[in-house]
Amino acid sequence: MNTVTTRVLISPPKYVQGAGAMRELGQHVSQLGDHALVLADDGVWGFAGETAEKSLADAGVRMTRETFGGKCTQVEIDRIVARVREVGANVVIGIGGGMTVDTAKSVGFICDGIPSVSAPTVASTDAPTSAHAVIYTEDGAFDRYFFGLHRNPNLVLVDTAYIANAPSRFIVSGMGDALATWYEARACVQARSVAMAGGLATDAALSLARLCWETLMEYGVQAKTAAEQHVVTPALEKVTEANTLLSGLGFESCGLAAAHGIHNGFTASPNTGAFMHGEKVNMGTLAQLVMEGSPTEEIDTFLRFSHEVGLPTTLAEIGLADAGREELLAIARAATAEGETTHNMPFAVTPGMVLDSLVAADAYARAYAKKHG
Ligand SMILES: [Zn+2]
């Protein structure tokens, strides 16, 4: 057990969300700098570029656009850092998915701490608000957490019209990432483990993690159906906020535990490559619940919700239908590597415990699916 007794909460100074919010990008960014390097891939630029460009120009912010290479890797970060220095930009904006915003945040930090802006166009992860980034290898496996950022993005701007226009799989995957927040926060508080924010959880952060879970339970299904119709509704707004803000503040200032550690283990298997972050996290959450000895009623609530919104709950549903004991053991070993958040659980976790939990979680979820159709 650690000897830290201080509580720490960190957050971005400004969060903006709504349909058409991209039109306000310039007015917010002009408070941070006058020359923005905008990182976005061509697909994102196709639907958001014109609005972003006009908004920045109207606010008197000069813009240099750079095409995102597709993955948040050290090579990509170094490339963008060189670009920022070359053009002399004094604010960096990432428009797109989790990897784009993580790259922009890392670049901002490395470039003498210039302000960074996250403008997610999907609600698939809680990356946009956090002060850390997930760095992947060139092959797409989890490499490491970049903890050195020390600072959340200066602005998080979410245009929910883009969130609604994205395939519904994104917001559903984000619900998987967000659903883990409360279970992991609870475990970290019980263990008195130190969160990414650098201290114990505040009651404020724990309340946000709990609110995140409640919001998903109340509005998750409605938000999914709205996303399928590509329309913005109050439920879609609420779930976007839960996936992006509540989950982000909750995990960062309460802590991650086995669900994300097991997710990182899954990324070690190339068979899970086609599945999104939150989809793999959801299977990790189920395994964490089993590992904790959670009551059947709690696990059934989790499974019912997952089925209703379409989140995976079996190994087959994340590409591991043919995974033998060896492959699962390799995943379990990666999930319990030194420094993994799996060790934030209130008890010691061995690879064998992760393996057993995965096998049991998978079998229980299959039986549950059979019973409930
Ligand atoms: Zn996550």
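His-277 has a relative accessible area of 22% and is partly exposed. The structure described here is a predicted model. His-260 belongs to helix 9 (residues 258–267) and His-277 to helix 10 (residues 277–292), so the two histidines tie together parts that are 17 residues apart in sequence. His-260, with a relative accessibility of 5%, counts as buried because the limit for that class is under 20%. His-277, at 22%, is instead partly exposed.

Asp-177 and His-277 also take part in the contact between helix 6 and helix 10. Packing of two helices is described by the angle between their axes and the distance between the axes. For helix 6 (residues 168–191) and helix 10, the angle is about 30° and the axes are 7 Å apart. The two helices are therefore roughly parallel to each other, as angles under 35 degrees fall in that class. Their crossing is left-handed. On the helix 6 side, the contact is made by Arg-169, Ser-173, Gly-176, Asp-177, Leu-179, Ala-180, Tyr-183, Glu-184, Arg-186 and Ala-187. These residues meet His-277, Gly-278, Glu-279, Val-281, Asn-282, Thr-285, Gln-288, Leu-289 and Glu-292 of helix 10. By type, the residues of the contact comprise six nonpolar, seven polar and six charged.

Val-189 is likewise located in helix 6. With a relative accessible area of 37%, Val-189 is partly exposed. Neighbours within four places in sequence aside, Val-189 is in contact with Ala-201 and Leu-206. The C-alpha atom of Val-189 is separated by 9.2 Å from that of Met-345, a residue 156 positions away along the chain.

Two loop residues were examined for backbone geometry. Most residues other than glycine have a negative phi. Arg-192, in the loop between helix 6 and helix 7 (203–228), has a positive phi near 50°. Its relative accessibility is 38%, and Arg-192 counts as partly exposed. His-230 lies in the loop between helix 7 and helix 8 (234–254) and has a positive phi near 60°. His-230 is partly exposed, at 38% relative accessibility.

Notes. Residues are numbered from 1 along each chain as its sequence is written. This is a predicted model: local features need pLDDT of at least 70, side-chain atom pairs count only at pLDDT 80 or more; totals for chains, interfaces and linings use all residues. Side-chain values use heavy atoms; hydrogens and water are left out. Helices (H or I, at least four residues) and strands (E, at least two) are DSSP runs, numbered from the N terminus. Buried means under 20% relative accessible area, exposed over 50%, partly exposed in between (1.4 Å probe, protein chains only). Axes are lines fitted to C-alpha atoms, for helices over the stretch in contact, and angles run from 0 to 180 degrees between N-to-C directions. Angles under 35 degrees count as roughly parallel, over 145 as roughly antiparallel, 65 to 115 as roughly perpendicular and the rest as oblique. A crossing is left-handed if the near helix is turned anticlockwise from the far one by less than a right angle, and right-handed if clockwise. Contact means heavy atoms within 4.5 Å. Ala, Val, Leu, Ile, Met, Phe, Trp, Tyr, Cys and Pro count as nonpolar, Asp, Glu, Lys and Arg as charged, and the others, Gly among them, as polar.
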